[in-house]
Amino acid sequence: MDDTVQIHNRLRESFGSRGFLFIGVTDLNVAEDHLRFMNWLEAGNHAGMDFLSRNSEIRGDLQRILPGAKSAVVFALPYAPAPSPPTTENRSEMPCGPRIAKYARLRDYHKVMWQEGDAAFAAALPDRSAEHRVCVDSAPVLERALAAKVGSGFIGKNTCFIAGKQGSFLLLGVVLTTFEMPATKPLSEEKSRSNANACGGCRRCQTHCPTGALDRAWTLDSRRCLSYWTIENRGTIPEEFWPWLGKYWYGCDICQDVCPYNRTGEKLKRNDLQRPVERLSLQEVATMDQNLYEQTFGGTAMTRAKRNGLRRNAMIAMFVTSSPGLESVLEKALQDEDPVIQETARQILRRPSS
Ligand code: B12
């Protein structure tokens with residue numbers, strides 16, 4: 001076995017033994033994808049996510065993230081939950097859990113992937129003096145583009161990285177390293193990125209996206225994406241998007257739920273990562289104080305929306321699902337110190353009941 005195959009095998013085993021998928025090794029030329037990214041920004045598709053435009057140039061030059069970087073190791077954390085019995089939809093108090101995007105019902109994947117990705121890489125290449133840096137949303141890196149470059153998966157019309165029949169319920173991590181490694185061999189032409197047609201004639205993600213965010217295949221318009229409005233946006237949520245918060249009030253998985261590749265996809269292998277965020281009712285989320293917020297959502301990726309973002313979303317979800325207790329929630333919300341909570345309450349009160 002030659003040295004290259006041994007290195008790839010050691011990486012595969014080391015990442016695999018920690019519950020990750022080893023996607024592969026690639027070089028750092030992302031020029032074509034960077035152009036695509038700049039055009040996407042230029043068209044305003046990033047909505048209010050200024051963090052994307054602030055350092056837009058750096059995404060095209062990975063040397064600026066790790067000087068001397070030569071290769072990228074891409075790995076993924078599969079997170080689709082194993083099928084569970086149907087939830088009690090008719091509980092008088094609406095459980096909040098099933099309406100939360102699947103990736104968010106876990107311990108914060110950033111921390112898990114930084115720490116354990118770092119350990120996996122170091123264990124596979126122990127005696128190298130090269131430097132490395134693990135990036136999981138934490139640096140301006142085009143993670144999907146690097147994953148697709150490996151050639152063991154492709155970008156779907158929903159813009160997600162789909163690892164063939166392992167599906168797309170995968171969180172991505174990238175280890176940049178100054179150690180130059182030969183790229184892993186693409187799986188097959190059929191599954192590789194060069195086949196922009198791996199979705200074939202399927203348009204399920206496009207037709208099922210309730211807000212038209214994917215009207216143009218391979219291009220997501222964040223201005224119409226529920227995930228953007230419920231996670232990243234700090235203001236009020238435009239009322240045209242409210243009906244869909246009855247289905248997902250934090251993030252949105254619809255464009256992945258309907259993807260045929262996810263019928264067979266990889267499932268979460270690490271039960272230790274699960275967090276019982278769903279134990280609260282929507283009413284409890286809408287009225288939670290800092291203590292309850294930290295106890296329930298601390299250490300999960302849901303802190304991205306902050307306490308008041310979650311309260312805002314839960315209030316709207318209560319309204320559209322006609323949950324009991326809304327009246328008293330609104331009464332208190334009108335006196336809240338947060339202007340977005342106050343305004344959301346006023347918006348709800350102005351509307352005819354749903
Ligand atoms: C900003 C952001 C968002 C924004 C914008 C999403 C978007 N589609 O651009 C919002 C808030 C809407 C969002 C939502 C979600 N996100 Co997000 N998000 C990011 C982030 C931080 C940057 C993405 C970005 O640069 N977007 C701009 C576009 C232009 O770039 P891109 O989507 O990466 O596409 C590049 C390549 O794919 C390639 N490319 C694109 N199209 C095509 C087509 C062809 C034919 C080819 C060859 C190449 C190609 O070029 C593009 C530009 O370089 C990344 C982390 C990271 N650092 O990359 C996570 C990330 C993309 N998100 C992730 C997740 C899990 C989600 C959600 C599923 C969360 C949820 N359940 O609510 C949704 C999915 C929505 C969707 N369909 O994309 C994962 C995706 C994993 C995967 N399997 O693809 C990432 C990689 C985070 C991670 N570390 O795992 N997200």
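In this predicted model, the axes of helix H1 (residues 3-16) and helix H4 (residues 109-124) come within 8 Å and cross at roughly 145 degrees. The crossing of H1 and H4 is right-handed. On the H1 side the contact is made by Arg-10, Leu-11, Ser-14 and Phe-15, which meet Ala-120, Ala-123 and Ala-124 of H4. Sorted by class, the residues in the contact of H1 with H4 are 5 nonpolar, 1 polar and 1 charged.

H1 also lies across two strands, E1 and E2, and runs at about 145 degrees to E1. Helix H5 (residues 143-150) packs on the sheet as well, where it touches E1, E2 and E6. The direction of H5 makes about 85 degrees with that of E1.

**The sheet**

The sheet is open and has 4 strands in the order E1-E2-E6-E3, with antiparallel pairing. Its edge strands are E1 and E3 (132-135), each of which pairs on one side only. From one strand to the next, the twist averages 20 degrees.

| Strand pair | Sense | Bridges | Example of facing residues |
|---|---|---|---|
| E1 (residues 21-26) and E2 | antiparallel | 5 bridges | Gly-24 and Val-74 |
| E2 and E6 (residues 170-177) | antiparallel | 8 bridges | Leu-77 and Leu-171 |
| E3 and E6 | antiparallel | 4 bridges | Val-134 and Val-175 |

How many of the 8 residues of strand E2 are buried? In E2 (residues 71-78) the count is 8 of 8, so the strand is largely enclosed by the rest of the structure. Ser-71, Val-73, Phe-75 and Leu-77 point one way from E2, while Ala-72, Val-74, Ala-76 and Pro-78 point the other way, and all are buried.

E6 is mostly covered too, with 8 of its 8 residues buried. Leu-170, Leu-172, Val-174 and Leu-176 point one way from E6. Leu-171, Gly-173, Val-175 and Thr-177 point the other way, and the residues of both sets are all buried. Several of these residues take part in the pairing described above: Leu-171 is the bridge partner of Leu-77, and Val-175 is the bridge partner of Val-134.

**Around the ligand**

Which residues come nearest to the ligand? Of the 39 residues around it, the nearest are Asp-33, Ala-101, Arg-144, Ser-227 and Gly-251. Two or more residues of the shell are given by each of helix H2 (31-42), H5, E6 and helix H7 (226-232). By class, the shell divides into 25 nonpolar, 6 polar and 8 charged residues.

**Two positive phi values**

Most residues other than glycine have a negative phi. Thr-159 has a phi near 75 degrees, a positive value in a residue other than glycine. Thr-159 is placed in the loop between strand E4 (154-155) and strand E5 (161-162). With 18 other C-beta atoms within 10 Å, Thr-159 is partly exposed, because a residue counts as buried if that number is 20 or more and as exposed if it is 12 or fewer.

Ser-322 likewise has a positive phi, near 50 degrees, and is a residue other than glycine. Its place is the loop between helix H11 (306-320) and helix H12 (326-333). Is Ser-322 buried or exposed? Ser-322 counts as exposed, because it has 11 C-beta neighbours inside 10 Å.

Notes: Residues numbered from 1 in each chain as written. Predicted model: local features only at pLDDT ≥ 70, side-chain atom pairs only at ≥ 80, totals over all residues. Pairing = 2+ DSSP bridges. Axes fitted to C-alpha atoms, helices over the stretch in contact; angles between N-to-C directions. Contact = placed C-beta atoms within 7 Å. Near = placed C-beta within 6 Å. Nonpolar A, V, L, I, M, F, W, Y, C, P; charged D, E, K, R; others polar. Left-handed = near helix turned anticlockwise from the far one by under 90°.
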